[in-house]
Amino acid sequence: MRWVASLGGVGYLRPAPGTWGSLAALPLAYGIHQLGGFWLLLNLTFFAFITGLMAVQKLTAQGAGDDPSWVVIDELVGQWIALFPVSYGAMLMSVEVWRLWPGWVAGFVLFRLFDIWKPWIIGRVDRWHTPLSVMLDDVLAGVFAALVAIVLAGLAHGVLM
């Protein structure tokens, strides 16, 4: 469970293990998109959420603490959600996903911003201090990042002007 929760040890990198976890999620998302597109990324995100939740439940029951800093499976899930618009957009437009590189940058930066800042409901969920909140606050940060990335893409492409 420690291996799963720490993304194979990535969570033990210092400083800023959450950022390392988010960075590790990027090439994984790229590879997944290359293998099976958006739908595979979506399905594996659900799988990672459930697996991460089970790992966090077991580890917290064993006394690892409410939200140990080395647990970064939640960052993987949130980062992948932040990249949904990029993966889906590449699939819809039938272009190579790397061509949407500004979306990758925005997804990463926005996810880290919302994950660290924890505005509104993200902060409320984080304060539950439960295994579910460990995973869910990053899911929400990923959703917020994805929504802002969609708005920014609309502005950049003149759709929302």
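How much space lies in the largest pocket? About 500 Å³ lies there.

The model is predicted, and its local features need pLDDT of at least 70, side-chain atom pairs count only at pLDDT 80 or more, and totals for chains, interfaces and linings use all residues. Residues are numbered from 1 along each chain as its sequence is written, and side-chain values use heavy atoms, without hydrogens or water.

**View 1. The largest pocket and the residues nearest its centre.** A pocket is an open set of points on a 1 Å grid over the protein atoms alone, where a 1.4 Å probe fits, with protein on both sides within 12 Å along at least five of seven lines; lining residues have an atom within 4 Å of a point. The volume is the space filled by probe spheres set on the points, which are joined across faces, edges and corners. Of the 17 lining residues, P85, L100, A149, A153 and H157 lie nearest the centre.

**View 2. Helices and residue classes in the lining of the largest pocket.** At least two residues each come from α4 (84–93), α5 (101–117) and α7 (131–156) (helices are DSSP runs of H or I, at least four residues, numbered from the N terminus). The largest share, 6 residues, belongs to α4. The lining comprises 13 nonpolar, 3 polar and 1 charged residues (nonpolar: Ala, Val, Leu, Ile, Met, Phe, Trp, Tyr, Cys and Pro; charged: Asp, Glu, Lys and Arg; polar: the others, Gly among them).

**View 3. The second largest pocket, with about 270 Å³ of space.** Its lining has 13 residues, and L7, F47, A48, I73 and L76 lie nearest the centre. Two or more residues each are given by α1 (2–5), α2 (17–61) and α3 (73–82), with the largest share, 6 residues, from α2. This lining holds 11 nonpolar, 2 polar and no charged residues.
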